[in-house]
Protein chains: 2
Amino acid sequence: MATDGFGSDCLSGVRVLDMTQFEAGPSCTETLAWLGAEVVKIENPRGGDPGRSLGGGAGKDDPYFLNFNANKKSLTVNLKDPRGLQLVKDLAGKADVLVENFAPGAIERLGLGADVIRALNPSIIYCQVKGFGEGSPYEKNLAFDMIAQACSGIMSTTGELDGRPLKPGPSLGDTGTGMLLAISILGALFRRARTGQGDHLQVAMQDAMLHYMRIAFSQQARTGKAAPRAADASVSGGNPPMGIFPCQGGGPNDYVYVYTSRANPEHWRRLLGVIGREDLADDPRYATPAARAEHRQEVDEMVAAWTRRHSKHQAMEIIGAAGIPAGAVLDTLELTNDPTFEQRGIMQTIDHPVVGPFKMVAWPVRFSGRPPPVRPAPLLGADNDDVLTHWLGMAPESVSSLRAAAIIG
Amino acid sequence: MATDGFGSDCLSGVRVLDMTQFEAGPSCTETLAWLGAEVVKIENPRGGDPGRSLGGGAGKDDPYFLNFNANKKSLTVNLKDPRGLQLVKDLAGKADVLVENFAPGAIERLGLGADVIRALNPSIIYCQVKGFGEGSPYEKNLAFDMIAQACSGIMSTTGELDGRPLKPGPSLGDTGTGMLLAISILGALFRRARTGQGDHLQVAMQDAMLHYMRIAFSQQARTGKAAPRAADASVSGGNPPMGIFPCQGGGPNDYVYVYTSRANPEHWRRLLGVIGREDLADDPRYATPAARAEHRQEVDEMVAAWTRRHSKHQAMEIIGAAGIPAGAVLDTLELTNDPTFEQRGIMQTIDHPVVGPFKMVAWPVRFSGRPPPVRPAPLLGADNDDVLTHWLGMAPESVSSLRAAAIIG
């Protein structure tokens, strides 16, 4: 019953033709690769996915590319040559899934639109990521992560209460979209295994972002007003103490988050214990959530007076151990240097043939105790021979002649 | 070949025992319900999922609950009665998937831990959401959305460059985690259909957040330093003009996002056309990304001088139509009032038996042109008879006697 592959055997035998670049598409197909699909990335022989050179580092694939293309194969094809285009059609004929995230209209102009591909392979699951949905007034517009975050309420709810809108750190517009498409592909694959049915899946980055904004839409439904900025708390408001509190050190991330739930009066009582103010447990100024809201400033100052005397790590440890939700504001370097992520397989170090050892975030869900193992992102065109001989049954000489004609590699 | 269900037939026949509350778990199981699984939510007869009453509205399920529990069924069971507990075990024996997101240790104390349930149903996919992973120093700690966002680098990268860390508007700690678990469940279901194999899936909210932070880890890999705050741009920096620009109106969200890519010099040239400054196209002060970075303030002011004379909608329309990525900073009310989302099925209005018509964000991925249809979240215990008679083959009289004994409903 136990799995040896830690999830990496889930999609054994599934073939994905990956015509994606940058992040929204690649994050989706990488997920399928982690779960065991054979994902073949079709790349331009001249440089491939622009993500490879995003950081401007010469001769080495950028960390961005390594992060979003692990466990995949790379096949370089010149799509401007009709024989290259035919090669992709032949591969699509053998694929279970095709994913693309080109600019609007580009895949159709290439002659690889849904109609063409679904006619030659009716059971394929043909998938597209766009910035704005078909039928939107902006369906032809270009989009990037930040545009999706601007147009979906995310920036309007991020920032100080009286400050300008800000973009959150995470690339939710890209990876957040890719994840929703991955779910839909997996659903369609499950059905297809039973019925043979293909499908045409489309997701727009703007639409996908609304899915992550549902606490904001919930708050609006309660108040009738647009959801406000979250500041350090939440678009739903919340009850003091709740937010970040300054800690020893005074650095930009020397804060601890403390949360006391309205639904659990014990959080506040326990916190009073931690900060040595049990004397206030029954003080009417603080006894109820409503009372604490009225005395927000005093309440926050009381907690801050304690947190300022502790490092964020101490504060998290002490408050958390007392049964109150608390978390240090950690930066990416602190996270990378914390050995427990690697011990648990949540970060894994790959040995890339050019870059060398590279520690990266792996798929964070554990199957029987471990996340799927990470293999390095492929070098450009690394799998040309493998894919053409195995998917298309080509003879090695035919592959060589394609290479000689600069159609591949 | 065409689907009638717009994806809602993908998981037909899959049974999910849903022991989740609030958002991280419910968002995951709701996704499975949208794709056609029969999701039965086990709820405490006294009030059920605390999300039902989150906003404090008496007698009506809160918008938060409606948003995260659509298309599910509700079964009320008193888990403190051994007969209620046995009922849940019987249901688990018939389920394909079980999902829980109780506090650490709670499900085991109930006697429904992975060992117990997997012993009685070896092919079940048993799934857990926790705040911190097993093996983390904080594995026993409580977590909520904001704690996960604090402890994963998200807050450290959100905020003004010289400001304090902030929490983004979206509830990524919850829904972002739920989506990664949903992907893993679907992968495991796909494998199980072939092999019969069950599994034990676990995801920690802190770990899941790292997945969305991979541009920040990429930037750190380039510089060796912790990723900075994104402000209105990106943790990767970027090239001016890039960010939000003020528009007519002067309201808190009267801004347009404009992005010019380093990789595409045409964006800047086109933008000069829009703002009527074609004369600067070959000006060495602005001709290259590096030159524009040196003259950031002048460049930004030039663009702002134009955007201030336009509404954010006009600005998005004109700049976008010229082939430059641009997006108005929209708030949740503007999005709700935009009829194109409902026309495209991205928002759908349900008719809830108590709340009445309620417009909500649907699953944003379209299957052959439409997202799956939304059905209202269930009233507490609405499906007691249905589930017990169909899953367990109980006679109606047995159900009645369970009800009479206050074991259900």
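A bit of bookkeeping comes before the results: residues are numbered from 1 along each chain as its sequence is written, while chains are lettered from A and ligands numbered from 1 in the order in which they are written. Since the model is predicted, local features need pLDDT of at least 70 and side-chain atom pairs count only at pLDDT 80 or more, whereas totals for chains, interfaces and linings use all residues.

Start with the interface. Here 120 residues of chain A are in contact with 120 residues of chain B (contact: C-beta atoms, placed from the backbone, within 7 Å). On the chain A side, helix α7 (residues 172–195) gives the most, with 16 residues; helices (H or I, at least four residues) and strands (E, at least two) are DSSP runs, numbered from the N terminus. Sorted by class, that side of chain A holds 68 nonpolar, 38 polar and 14 charged residues, with Ala, Val, Leu, Ile, Met, Phe, Trp, Tyr, Cys and Pro counted as nonpolar, Asp, Glu, Lys and Arg as charged, and the others, Gly among them, as polar.

An open sheet of 7 strands, with mixed pairing, runs β3(A)-β2(A)-β1(A)-β4(A)-β5(A)-β6(A)-β12(B). Its edge strands are β3 (73–76) of chain A and β12 (366–367) of chain B, each pairing on one side only. Strand β2 (residues 38–43) of chain A and β3(A) run parallel, joined by 4 bridges, and V40(A) stands opposite K73(A). Helix α1 (residues 24–34) of chain A packs on this sheet, touching β1 (15–19), β2, β4 (97–100) and β5 (125–130) of chain A, at about 155° to β4(A); axes are lines fitted to C-alpha atoms, for helices over the stretch in contact, and angles run from 0 to 180 degrees between N-to-C directions. Helix α16 (residues 384–392) of chain A touches β2 and β3 of chain A, at about 90° to β3(A).

Over in chain B, an open antiparallel sheet of 3 strands has the order β7-β8-β9. β7 (242–246) and β9 (326–328) each have a single partner strand, so one side of each is left without a neighbour in the sheet. The twist averages 20° from one strand to the next. β7(B) pairs with strand β8 (residues 255–259) of chain B over 5 bridges, with I244(B) opposite Y257(B).

Finally, helix α1 (residues 24–34) of chain B packs against helix α7 (residues 172–195) of chain B at about 45°, with axes 7 Å apart.

Notes:
Contact = placed C-beta atoms within 7 Å. Pairing = 2+ DSSP bridges.
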